[in-house]
Structure formats: structure tokens, C-alpha cells
Amino acid sequence: MCGIVGYVGKRNILEVLISGIKHLEYRGYDSSGIAVLKNNKIFRHRVVGKVFQMESSLPKEFFSNLKTTESVYVGIAHTRWATHGKPSEENAHPHVDCNENFVIVHNGIIENFLELKLKLKNHKFSSETDTEVIIHLIEENYNGSLLEAIKQTIKLLEGSYAFVLISRYQPQKLFFARKDSPLVIGVAEKENFIASDVTAMLKYTNKFLFLENYDYGEISFCEIKIFNLKSENVQHRNINVINWNSQMVEKSGFKHFMLKEIYEQPQVLRENISSRVFGEKIIFNEEIKFKDQMLKKIDKILLIGCGTSYHTAVVCKYFFEHILRVSIEVDIASEFRYRDLILKKNTLAIFISQSGETADTLASLRIVKENKIPTLGVCNVIGSSLYREADSCIYIKCGPEIGVASTKAFTGQLICLYLFGLYIAKIKQTISSNRYLEILNYLYKTPTYIEHILSDTSYIKQLAEKFYTKRDFLYLARGINYPIALEGSLKLKEISYIHAEGYPAGEMKHGPIALIDKDMPVVIIATKGSLLQKVFSNLEEVKSRDAKVIALTNYGIESKSIDYKIVLPETDELVSPIINVVPLQLLAYYIADILGCEIDQPRNLAKSVTVE
Ligand code: M6R
């Protein structure tokens with residue numbers, strides 16, 4: 001899970017590469033590095049730490065040597081999330097071959113690197129990384145044609161890779177290959193870009209070519225050649241124009257991307273509703289390629305994801321069961337992919353992933369596809385692997401999500417899947433017209449309700465100030481809000497490093513209640529709904545053990561056992577998770593901010609988990 005960037009063109013290459021990997025730091029930030037080719041020499045600089053540390057320590061000679069008369073520059077850069085070998089200068093990318101003729105940046109894992117390394121006994125390795133075998137193999141296979149050397153090399157690689165390399169032998173070109181790790185070419189006039197993600201290139205272009213598995217090729221400032229290991233011909237890839245802009249990848253006055261993204265949620269919801277709901281009708285156009293006849297027959301739905309996207313799946317289990325009356329199975333992708341699955345016809349499998357590149361989610365998708373079960377992706381990145389590989393894909397229209405903690409993608413996924421659920425319920429006739437309209441009406445109101453919450457966050461800030469010193473938190477809820485307890489606790493632990501657990505409130509007495517004492521803040525979701533009385537009983541249970549109770553409630557809900565009350569707009573129980581998650585995102589954010597945590601780039605985490 002690293003970020004890679006390459007550039008060929010006449011701009012200030014350092015600026016392009018550094019700005020590019022700064023936008024990819026969400027993918028990893030243990031160490032960073034850059035290499036440019038000038039005067040037939042490779043200039044390379046690597047540091048342990050973030051891109052700004054690499055940028056501020058660039059040797060002077062690095063700049064001066066760049067100021068030559070040659071006009072087309074070529075270079076690569078990398079931000080690393082360590083897998084093979086600890087974060088160190090030696091392990092940081094770019095890596096070179098023995099004679100410094102080639103230099104490479106790589107994202108992915110070469111699973112057979114040890115075996116390959118044994119075959120390269122005459123090569124001098126200087127890192128513990130798996131990446132280094134690629135560049136030594138290219139050196140070994142080079143016989144006058146770099147493309148041929150790459151082709152021979154990728155035939156030997158097992159695992160995942162997206163790599164970009166430059167070479168003294170062809171100094172005005174970038175070379176690349178990809179399998180199971182994302183790689184996108186940014187197309188522009190007399191210059192070209194390549195990166196792990198479009199966000200690194202949005203400042204310069206909005207035209208992109210998404211590479212496919214086993215693609216390899218070369219890029220000059222005026223030409224792009226793509227080949228594929230499976231066929232000898234030059235490949236045609238459509239240019240996608242993405243309507244994101246560079247402003248979207250800036251903080252725009254917010255202290256952190258996470259806060260900006262929390263505040264973008266009303267807009268995300270509106271965009272998704274207004275582009276799919278026309279009067280009383282929900283229309284998905286080309287996104288859903290399934291025929292109504294096929295959807296009508298569906299009697300089982302699988303919902304698969306990881307982390308926050310898994311929590312979306314759990315919310316949807318409750319929602320779909322209620323409105324579709326079919327059996328729903330949810331699973332975490334890393335578990336699902338290794339199960340002894342029983343996959344039957346008339347099943348629809350839904351894969352949820354913001355990035356569309358999560359390795360376990362993609363592996364699960366591929367298993368299901370092999371079993372000829374129809375697949376639906378739900379993702380935020382056009383051109384991502386999930387977007388391309390699922391039979392149909394709903395695009396959640398959130399704009400780039402940069403903060404590692406997922407916020408707007410969660411509510412974006414929910415709104416899309418809620419609309420999709422209602423859309424099938426209409427086809428299957430499992431919902432009355434009144435109920436359909438009632439839910440749709442509440443969905444329409446969600447942006448306004450969230451705006452109301454965001455218009456005054458002072459009370460949530462006060463709670464953060466009161467509780468930021470606590471070491472453990474418990475989040476409780478029941479029914480369709482249980483996954484919101486999971487999501488609230490995930491937000492807190494990932495950005496503040498405070499231990500937090502989300503639990504179904506009714507399960508407390510089967511163990512976790514033992515943890516409760518006067519020091520334990522318990523966040524409980526007690527908004528209106530069919531299980532409110534049950535939640536109240538659970539609330540009494542924790543209060544009698546002296547917990548400090550913070551309750552998410554609606555106006556008019558009273559209890560002496562609640563110590564702190566966050567009053568939220570009242571909505572339909574089924575729609576309430578979309579509203580209820582917002583104060584929990586804010587609580588986690590403000591606690592982490594008081595603690596001075598690196599909110600957008602929490603330790604040990606990366607935004608896109610492209611390794612198993
Ligand atoms: O891109 P994906 O939605 O597939 O990512 C899944 C998880 O890695 C992600 O939701 C992760 O749990 C977030 N850091 C949660 O905030």
C-alpha cells in the first residue's frame with residue numbers, strides 16, 4: 001500500500017512529483033523518495049518520514065543539476081507503507097539495479113521474491129524489500145529492449161504489482177506494468193503522468209487511462225503505448241474524463257481533510273439523491289445492467305466489505321431484510337474469501353469499497369464471479385478494479401476521500417444502497433407504495449438534518465474536552481443502529497488510539513458489562529425506534545454500574561440515567577443510521593484533535609489496503 005507517481009514532460013519535475021505523492025500520502029507515509037534522470041544520470045533521494053521531510057532535505061546539487069538545458073524531464077516518486085522491511089532509508093523507494101541504469105517505484109507485494117532472489121545470486125541487493133528483485137530481474141533480462149525485459153520479468157512475478165521505472169538507456173520515457181495494484185495514466189498535451197490514483201494528477205489533467213491487469217508499456221511526452229501479457233497487440237484503453245478538480249483534494253480552510261469530508265456529507269447525499277430520484281421514481285440508468293426479471297428472482301443477497309464499508313453492509317442487512325424480505329448474508333471480505341462457500345443461483349453479491357481497490361474485497365468478488373453469481377460493486381473511484389470487474393457498479397459520487405478515516409464514503413454508500421434497495425423492492429413488489437414514499441421522503445430530508453447537526457457542534461466539542469483523557473470507550477446500540485455503534489468506535493480508535501468497542505446493547509450482560517465502572521464512558525444510541533424501550537433497559541444496566549452515559553437521542557426522550565445528551569433530528573428508524581453516525585464522527589474527530597493526533601494519517605494505517 002504505497003503511492004507512486006511518474007512524470008514525463010517540460011514542467012518543473014520536482015514540483016510535479018512532490019505534489020503528486022503528497023496527494024498519495026493517504027496510501028502510506030513511513031518513508032518517501034524521488035528519482036529523476038538528468039544528463040544521463042539518476043539522481044535519487046530517499047528519507048524515512050513524510051514527503052515534506054523528503055522535500056525539505058533534497059540536496060542542493062539535486063536542484064542545480066536539474067537546471068540544465070534539456071527540456072523534457074522524466075522522474076518517479078514514492079510514498080511507502082512498509083510491508084517487506086522496516087521503514088529505513090535503504091528500504092525506501094526508488095530502488096536501483098547493480099549498475100544504476102534502471103530505477104523503480106513499486107506498490108504491491110511480490111510473493112515469490114525470496115525464491116527469485118535466490119536466482120539472482122550475482123546481483124548486489126541493498127534493501128530488505130521485495131521490490132528490489134523486480135529491478136534486478138529487469139537488469140538481468142535487459143538485452144537492448146526495455147519493454148521486452150519488463151515482459152520477461154512480469155512473467156516471473158507472483159503477487160501484486162504496479163510499478164513505474166525510468167532508465168538511462170531510454171531517458172525520455174516512463175515504463176510501467178500492473179497486476180492487482182492500481183495504476184492510472186494521466187493524459188495531457190505534450191506531457192503525461194502516471195500514478196496510483198487520479199488525485200495525484202488532478203492539478204494537471206482530468207483525462208485518465210485506467211490500466212488493467214498484466215498491462216505493461218511505455219510513455220513519452222507525446223505517446224502512450226500499452227501492451228498486455230495475454231495478447232501481443234498494442235492495447236486500446238478508453239480515456240475517461242473525471243469531473244473531479246484539484247480544489248477537491250485541498251483542505252479548503254478546514255484543519256483536516258476528515259473534518260472537511262464530514263462537512264461535505266449533506267452535499268454528497270444531495271448529489272446522489274438528485275441524480276437518481278426523479279419525482280417518485282428511482283432511476284439507475286447504465287449503472288445497473290441487471291434486467292428487472294433477474295432482480296425479481298433474487299432470493300438472497302450477500303453484502304461484503306472491510307472496515308467502514310463492512311459497517312455499511314451490516315446497516316444494509318437490516319434495511320434490505322425489512323424492505324426486500326429476502327435472506328441477507330453479510331461478511332468481512334477477509335473472512336468471506338476463505339470460507340467454504342455455498343453459493344446458489346438467484347443470489348446477488350454486493351461488494352462495497354470506497355477505493356474499489358481493497359485486496360480482500362476484490363479477491364471475494366473474483367471468487368463469486370467464478371461461481372457465476374451476479375455481482376454489484378459500490379464504490380467511489382471510477383476506473384478502480386471493483387468498478388471495472390463487477391458486473392454492475394454504483395458510483396457513490398463523494399469526490400475524493402483523502403482522510404484515512406472514512407466518513408462521507410460511509411453515508412454515500414448508505415444512500416446509494418438505500419436507493420438501490422427501494423429500487424429492487426419496487427420491482428419485487430415487496431414494499432407498499434406508502435412505505436416506499438415515506439422512506440424516500442425521509443431520505444430526501446437527510447442532508448438538511450445533517451446540516452442541522454453540523455451547524456452547531458459546540459456541545460460535541462465540550463464532550464470531547466470532558467472525555468479525551470479516557471482510555472476506553474464503549475459504544476452500544478441495537479437493531480439497525482448496532483453497526484453505527486461499531487462505526488463510532490472504529491472512528492475513535494483509528495484516529496485517537498483510544499480503545500473503543502462497539503457492541504449490540506443486548507449482548508452486554510454476556511460479558512462486556514464486567515468492564516464498566518465509573519471511569520467508562522458509554523455512548524449509547526437511543527433515538528426513536530422499535531427497540532427504544534430495550535435500549536433503555538440496557539442503559540439502566542450500564543448506569544447501575546456507574547458508567548458515564550452519553551446518549552444520542554431525539555427531542556422528548558428523557559431518562560435520569562443519561563448524563564450527556566446529544567439531541568438529533570428525528571427521522572424514520574430505518575433512515576436513522578445515516579443521521580446518527582455524524583455526531584459520532586465528530587466526537588472522534590474532536591477527541592483526536594485535542595490529543596494532537598495525526599488525524600488524516602493515523603499511525604500504521606493507509607487509506608487503501610491493496611495488500612491482503
Ligand atoms: O476502500 P475500502 O472502502 O474498501 O476500505 C475499507 C477499509 O479499509 C476502510 O473502510 C477503513 O476501515 C477505514 N480506515 C475506516 O475509517
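**Salt bridges**

Mentor: The count is 29 salt bridges, each a side-chain nitrogen of Lys or Arg within 4 Å of a carboxyl oxygen of Asp or Glu. This is a predicted model: local features need pLDDT of at least 70, side-chain atom pairs count only at pLDDT 80 or more, and totals for chains, interfaces and linings use all residues. Residues are numbered from 1 along each chain as its sequence is written, and side-chain values use heavy atoms, with hydrogens and water left out.

Trainee: Which residue forms a salt bridge with E438?

Mentor: The closest N and O atoms of the pair are 2.8 Å apart. Both residues sit in helix α15 (residues 433-455), three residues apart, so about one helical turn separates them. Helices are DSSP runs of H or I with at least four residues, strands are E runs of at least two, and both are numbered from the N terminus. The partner of E438 is R435.

Trainee: E541 pairs with K509. Is E541 buried or exposed?

Mentor: E541 lies in helix α18 (residues 532-543) and K509 in the loop between β24 (499-504) and β25 (521-525), so the pair ties together parts 32 residues apart in sequence. Buried means under 20% relative accessible area, exposed over 50%, partly exposed in between (1.4 Å probe, protein chains only). K509, at 47%, is partly exposed. E541 has 18%, so E541 is buried.

Trainee: How far apart are the closest N and O atoms of K543 and D563?

Mentor: K543 lies in helix α18, and D563 in the loop between β26 (548-554) and β27 (564-568). K543 is partly exposed at 21%, and D563 is partly exposed at 33%. Their closest N and O atoms are apart by 2.8 Å.
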